[in-house]
There are 2 protein chains.
Amino acid sequence: MPVMTAATTTDLDVSAYCNDLTRRAVAASRDLAATPGSARADALRRVAEHIRQSSDAIQAANAQDLAAGRDNGLSDAMLDRLKVDDARVLSIARSVDEIAEQTDPVGQIVEGRVLPNGVRLQKMRVPIGVVLIIFESRPNVTSDAAALCIKSGNATILRGGKEAMHSNQALGQCVQAGLRDAGVNPDAVQLVDTPERAVVGELLRKEGQIDLCIPRGGESLIRAVVEQAHIPVIKHYTGNCHVYVDANCDADMAESICVNAKTQRTGVCNAAETILFHKDAVATGLLKRVCAALAERGVEIRGDETTRGAFPDATPATDNDWRTEYLDKIVAVRVVDSLSDAVAHINTYGSKHTDAIVTSDVAAADAFVTGVDSGNVFVNCSTRFSDGGVYGLGAEIGISTDKLHARGPMGAADLTTYKWVARGDGQIRE
Amino acid sequence: MPVMTAATTTDLDVSAYCNDLTRRAVAASRDLAATPGSARADALRRVAEHIRQSSDAIQAANAQDLAAGRDNGLSDAMLDRLKVDDARVLSIARSVDEIAEQTDPVGQIVEGRVLPNGVRLQKMRVPIGVVLIIFESRPNVTSDAAALCIKSGNATILRGGKEAMHSNQALGQCVQAGLRDAGVNPDAVQLVDTPERAVVGELLRKEGQIDLCIPRGGESLIRAVVEQAHIPVIKHYTGNCHVYVDANCDADMAESICVNAKTQRTGVCNAAETILFHKDAVATGLLKRVCAALAERGVEIRGDETTRGAFPDATPATDNDWRTEYLDKIVAVRVVDSLSDAVAHINTYGSKHTDAIVTSDVAAADAFVTGVDSGNVFVNCSTRFSDGGVYGLGAEIGISTDKLHARGPMGAADLTTYKWVARGDGQIRE
């Protein structure tokens, strides 16, 4: 008779299951907060080694997921995202090793001073506590998220998509084995091992025990989490990114940045989705030149009336196009009367992710930087640079489109909070 | 016929009212983000001057609130908190002047570097946007909160308690007059001028327009806001603060810190509510000595069984006492077997506000600092020091008991977020 696990039991006691997960996570988070950085880094290196040594087991588990996915009619693109082969196993392990080598954010003194009364005050980075990560089908999120949480001293509860359940479990076993080898409480990383949806709702109500939820996936997943959550959520919504080509700019640079931002990789959140041109770019022919360069690379142009006048191959853009993250070889193009109209367009339709201006005018650059209310605002470079790795933050847990706590690429340091530590020798308040 | 204002209209169109407030606030926040720090400081100095010049008008408005409060049976303590006299007007104005003189947090570069591709990257502090502040009866919160938001470049919507409505309106007029004098959009600070409760619920659903809500008041107010909010809330819950007297410590220091933390001012959030003693303090007589010193100052001791054995005047403590913020001359006392039991008690019953250890043992101090999961963790000094002014942050909007974004005393800088600004000369991603 097979052992009944939570994943196969139909009458799961959701409340007891979640209480147990949470209780273990809170206890592990206390242990982790007192675990030195060297031990956390050691655990990560052992996790990477277990992943490499378990390549066959991981791929066998992944094959089960792929077979089920094909039976359930997953698209080729989804199956490709799900698939783990030799190269991907090595890449997953390498990513964990890289996180191990990052500077430890825990214990960093962000600021500090001696108060007039002699008390020594320090603002010190500490782990947040327990982080719940809810994600969709990419199995590498299991190890990346686990590694970033271990690095930052947080206990984590991972809830991956059911399409990747076997792959995630295999990777999760490697993570726990590495933690055990290093003498770290293996409850530091727990996987939800049941597809029961009520578990998610219950965990999202664990206020005061789970300190943060990060949902990684499509907009509908994030909205569903926000709707249910009683705990803080940091949201990673879509990247509806813009390039604004100013009246005064280098035409070659404008073409190069627009083409790169749109086409270097289309399926990513920091690719451009709308290009705004100052009206002068119509008369100079720059709009036509950039549109032609994009069309030549197979990009469909959806333009407003002025754009279509200058580039007749463009199809008509609707209001909906200004809001759309295509993630595809499509771009919306609009002509604006001024820089402030460009800024207003971006603040109205954008997703506060990454927006760039191409300009040779210092005042225009400064006005754009001040006016655009986005996490990443660029002057004369491609939107494709908004990335934790490029920024030097190391691996990222995502790119926050929120404004509080963390904005833009979130690395291990963004998974910490701080405490104020004051040390005196008997000071009292008069 | 009197002019019908929102405050006197019974059939208020809540949705239209809130849409108008929010639309104006968002527009003002864009203006403020582009307003230099010198203009914001100038506006604050003019606000302070208007407050001083309007002392009579403010006190006349306050008299209306006091009369209504007496009719409605407000307690003397509540009436005292509500009352504004000459001295309080001057103190309110001085506080605004002090905020004007603080360093401008907006535009500060938190970190920055040149990327290998030559792009210059900066992480720059910027205003959050629109902040909703919901508070109870103290009128000075109107000007303090407005001043901190102006300083940090945020538009704010203030919703005070209806007991202080006339006082708040009078102060609000001074704020808007000062903004106008300085050429700043007066919609930067708007007061909700209707007691209609549905307005609060509606504003709390303005996701993407109102960026943050800070409720200031009792726990029930905060819980009600959290229940309704679809926007981020930073919570300032109770201060259930602890002093732990370790096995090894200076007895005079232990007595002095316990007495100061409990009695220097009892009605404040950073006063101690529970004292934990290591069991060795029973045999040495230190527990008895500290309890006697507190009792001598009129403090009621509620102790566990061991405490009552050593200090028979103590009344029995129940589990509920460990959770209570007395804000009064009452203290709960418990004897623990070890430092780790003290830490566990604090993490179980505390409110993550401020907790102190008195010890002469370096290892104990370090273990306490690491183990206690609170915003402010102190060694050998009074809990009464956890305060934005004492920390050198200037005036504070409150003391956050949350872990995300801001923890402990929150000053103007905590009312900012950041954006990543990248400046290049044509860089694209290869």
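Biologist: In the largest nonpolar core, which residues touch the most other members?

Modeller: Bear in mind that this is a predicted model. That core has 138 residues. The ones touching the most other members are A:Cys213 and B:Cys213.

Biologist: And which residues does B:Cys213 touch, leaving out those up to four places away in sequence?

Modeller: Touching here goes by C-beta atoms within 7 Å. On that basis the list for B:Cys213 includes B:Leu132, B:Ile134 and B:Leu204.

Biologist: Is B:Ala198 buried, exposed or partly exposed?

Modeller: B:Ala198 sits in helix 8 of chain B, which covers residues 198-203. A buried residue needs 20 or more other C-beta atoms within 10 Å, and an exposed one has 12 or fewer. B:Ala198 has 13, so it counts as partly exposed.

Biologist: How far apart in space are B:Ala198 and B:Leu12?

Modeller: Along the sequence, 186 residues separate B:Ala198 from B:Leu12. In space, going C-alpha to C-alpha, the distance is 10.0 Å.

Biologist: Stepping back to chain A, what is its radius of gyration?

Modeller: Chain A has 430 residues, and a compact globule of that length would come out near 22 Å. The C-alpha atoms fill a box of roughly 70 × 70 × 35 Å along the principal axes. The value for chain A agrees with the globule figure: 24 Å.

Biologist: What share of chain A contacts between residues at least 6 apart joins residues at least 24 apart?

Modeller: Chain A is built with 17 helices and 16 strands, and 53% of its residues count as buried. For those contacts, the share joining residues at least 24 apart in sequence is 72%.

Key: Residues are numbered from 1 along each chain as its sequence is written. Chains are lettered from A and ligands numbered from 1 in the order in which they are written. This is a predicted model: local features need pLDDT of at least 70, side-chain atom pairs count only at pLDDT 80 or more; totals for chains, interfaces and linings use all residues. Helices (H or I, at least four residues) and strands (E, at least two) are DSSP runs, numbered from the N terminus. The radius of gyration is taken over C-alpha atoms; the globule rule is 2.2 Å times the number of residues to the power 0.38. Two residues are in contact if their C-beta atoms, placed from the backbone, lie within 7 Å. A nonpolar core is a set of buried Ala, Val, Leu, Ile, Met, Phe, Trp, Tyr and Cys residues joined through C-beta atoms within 7 Å.
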